[in-house]
Amino acid sequence: LKIEAQLVGALDRGEFQLHYQPLVALQSGEVRSLECLLRWNSPVLGTVSPVTFIPMAEAQGLIVDLGTWILTQAAEQLSVWRAADQPHLCMSINISPVQFEQPAFVGLVASVLDEFRLPGEALLLELTEGSLIQNLEASNVKLAKLRALGVRIALDDFGTGYSSLSYLRQLQVDVLKIDRSFITSMVTEGPAFVSMILHLAQHLDLTTVAEGVETEEQRKLLTSLHCDVGQGYLFSKPLPAEAIKALLAAQP
Ligand code: G
Ligand code: G
Ligand code: NA
Ligand code: MN
């Protein structure tokens, strides 16, 4: 209850911040895009994890305004980095199902692209299977409108939840993010699951991202299995904008 009470007004009080985590092309080692991750530092409660407060913000409906703020902030920051010296940099943004369901959502994305003079290709929206299959047809209509803007769609945390493989065939997505749990178990239990998911994704022409890459052994194995992109603490934790600027500048 205390957290919920603090959450109301936290946006107006400027208590949220975005951190950014690099996504690395496994063949070249290049950082081609960043995932923005929300952070809340409350003067009363300290740091609160999004795992705790995002569901509360969804239940209270605060996620709609918060989601608009995240999208706008992330697009503005991306436009700054692209104008500086990263003209091809892309940004991944997590989208709550509650935000995605808003009738105005596609219009919001279009207006943010317009405001910051970004091509649709600069943005990737991360959604989970669970949030898309509740109303598969309506989701696909919306996804088609977003993809018509050039915006790409990533299926986040792939392989978790109760969804069936057949949904993958029916969803209009571009990128598949393999859940961290599969990457963690890859070294101890063998790469059978990861390998199967990668084959399936390659067959469907999807770009593949491995989440939660923490060791060199995982990186090597994923590269040998032709996974396209890696994300995880091995490369970098999510960092504030200033630190990302330095990291991008230090790239070969
Ligand atoms: O960054 P971290 O591992 O603490 O994030 C935990 C969870 O919170 C993840 O499931 C992540 O998708 C979610 N999350 C983080 N940032 C955002 C955000 O900007 N929007 C939404 N909807 N979820 C987020
Ligand atoms: O649900 P989603 O995939 O958006 O969640 C991303 C979360 O995973 C973020 O909170 C981020 O901090 C966390 N994360 C990113 N890389 C790693 C990693 O290598 N290991 C672990 N344990 N968590 C990670
Ligand atoms: Na994500
Ligand atoms: Mn994920």
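The model is predicted, and local features need pLDDT of at least 70, side-chain atom pairs count only at pLDDT 80 or more, while totals for chains, interfaces and linings use all residues. Residues are numbered from 1 along each chain as its sequence is written, and chains are lettered from A and ligands numbered from 1 in the order in which they are written.

Helices (H or I, at least four residues) and strands (E, at least two) are DSSP runs, numbered from the N terminus. A residue is buried if 20 or more other C-beta atoms lie within 10 Å of its own, exposed if 12 or fewer, and partly exposed in between, with C-beta atoms placed from the backbone.

In helix 2, the buried residues are Phe53, Ile54 and Ala57; they cover an arc (taken from the directions from the helix axis to the C-beta atoms) of only 105 degrees around the axis, which puts them on the same side of helix 2. The face turned away from this buried side carries the exposed residues Val51, Thr52, Pro55 and Ala59.

Helix 2 also gives three residues to the shell around ligand 1, the largest share, where a residue is near if its C-beta atom, placed from the backbone, lies within 6 Å.

| Helix pair | Angle | Axis distance |
|---|---|---|
| Helix 9 (residues 180-189) and helix 11 (residues 216-224) | about 95 degrees | 10 Å |

Helix 9 and helix 11 are therefore roughly perpendicular (65 to 115 degrees) to each other.

How values were computed
Axes fitted to C-alpha atoms, helices over the stretch in contact; angles between N-to-C directions. Parallel < 35°, antiparallel > 145°, perpendicular 65-115°, else oblique.
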